[in-house]
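Work through the exercises below with the sequence and the model open. Try each task before reading its solution.

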Amino acid sequence: MASPPQRRRAARHQQPLAEDTGVTRRGASAGRKQPITVDVIVETALGIVEREGYAALTMRRVAAALETGPASLYAHVVNKEDLDDLLVGRLCAEIELPEPDPRTWRTQLIDVCTRIRDRYRRYPGTSLAALAVVPTNLETLRVSEGMLAIVLSGGIDPQTAAWAIDALFLYINAFCLENSLTDRSALDRDELPHRFAALPDSLPNTKRYAAELTAGTPEDRFEFTLGLILDGLGARNL
């Protein structure tokens, strides 16, 4: 039989995140702080990620920030995977979806992908959580549903549309994860053309096209890759 927290998690998957009555604090902090709820846990976790990065996020770290013990969190969140699912769902809840328009479906899809990217980039490394969990949060699924509806409105067959959405999410998550890692790297991207140009002659194309290989901002590359994916969708639909 499922434990109470697991039953709560299953219930969250059936309906939007509801107000949690919380656990009444006991001891010295009783009456001075807001009750611990799922919403409070998620907001605290996002704050940690925003300030310190996703690698710093643990159940113990969240508990310490709330001045409580980990057991208080487990009354609401099953485990770290459940917390990851909630974090991704919270970020997806802020994504507005357009009414699918067959005339502008490509632009609509690029806009939604860009919004997802920007949400993840605000919370460095959170895309790792998205890669690590099977999405079950209704807000995450709402965004996936909306993207699928946009692609289908463009006349793309359902199987191709379904796999395309999967590919888009994988690319967005990988792009954001790479950027969260390179942002912390000591490597200066401006040095790359010079390093490539100084490579041995056994790598002639890398030397010759060093400028092209390192050109563009991350945003330029993001939009370019989305264009490649969407061009491929159009070609398959001919």
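**Exercise 1: helix α6 against helix α13**

The axes of helix α6 (residues 105-122) and helix α13 (residues 218-236) come within 11 Å and cross at roughly 140°. This is a predicted model: local features need pLDDT of at least 70, side-chain atom pairs count only at pLDDT 80 or more, and totals for chains, interfaces and linings use all residues. Residues are numbered from 1 along each chain as its sequence is written, and side-chain values use heavy atoms, with hydrogens and water left out.

Task: classify the packing of α6 and α13, give its hand, and list the contact residues.

Solution. 
- Step 1. Helices here are DSSP runs (H or I, at least four residues), and strands are runs of E of at least two, numbered from the N terminus. Axes are lines fitted to C-alpha atoms, for helices over the stretch in contact, with angles from 0 to 180 degrees between N-to-C directions.
- Step 2. Angles under 35 degrees count as roughly parallel, over 145 as roughly antiparallel, 65 to 115 as roughly perpendicular and the rest as oblique. α6 and α13 are therefore oblique to each other.
- Step 3. From α6, the contact takes W105, R106, L109, I110, C113, T114, R117 and R121; from α13, P218, E219, F222, L226, G227, L230, D231 and L233. Contact means heavy atoms within 4.5 Å.
- Step 4. Sorted by class, the contact of α6 with α13 holds 9 nonpolar, 2 polar and 5 charged residues. Ala, Val, Leu, Ile, Met, Phe, Trp, Tyr, Cys and Pro count as nonpolar, Asp, Glu, Lys and Arg as charged, and the others, Gly among them, as polar.

**Exercise 2: α6 on its own**

Task: check the span of α6, then find its buried residues and what covers them.

Solution. 
- Step 1. The expected span is 1.5 Å times one less than the number of residues. For the 18 residues of α6 that should be 26 Å, and the end C-alpha atoms are 26 Å apart, which agrees.
- Step 2. Buried means under 20% relative accessible area, exposed over 50%, partly exposed in between (1.4 Å probe, protein chains only). In α6 the buried residues are W105, Q108, L109, V112, C113, I116, R117, R119 and Y120.
- Step 3. Their cover includes α5, α7 (126-132), α8, α9 (158-182) and α13.
- Step 4. Take Q108. Its relative accessible area is 12%, so Q108 is buried. Leaving aside residues up to four places away in sequence, Q108 touches P98, E99, P100, D101 and I150.
- Step 5. Take Y120. Y120 has 5% relative accessibility and therefore counts as buried. Beyond four places in sequence, Y120 touches V88, L91, T126, S127, A130, I172, N173 and C176. The C-alpha atoms of Y120 and N173 are separated by 8.1 Å, although these residues are 53 apart along the chain.

**Exercise 3: single residues**

Task: is S144 buried, partly exposed or exposed, and what does S144 touch?

Solution. 
- Step 1. S144 sits in helix α8. At 25% relative accessibility, S144 counts as partly exposed.
- Step 2. Not counting residues up to four places away in sequence, S144 touches I165 and F169. The C-alpha atoms of S144 and I165 are separated by 7.3 Å.

Task: where is E67, and is E67 buried or exposed?

Solution. 
- Step 1. E67 lies in the loop between α3 (59-65) and α4 (70-74).
- Step 2. E67 has 53% relative accessibility and so counts as exposed.
- Step 3. Its phi is near 55°, a positive value in a residue other than glycine.

**Exercise 4: the whole chain**

Task: how many helices and strands are there, and what share of residues is buried?

Solution. 
- Step 1. The protein has 13 helices and 0 strands.
- Step 2. Of its 238 residues, 38% count as buried.

Note on methods:
A crossing is left-handed if the near helix is turned anticlockwise from the far one by less than a right angle, and right-handed if clockwise.
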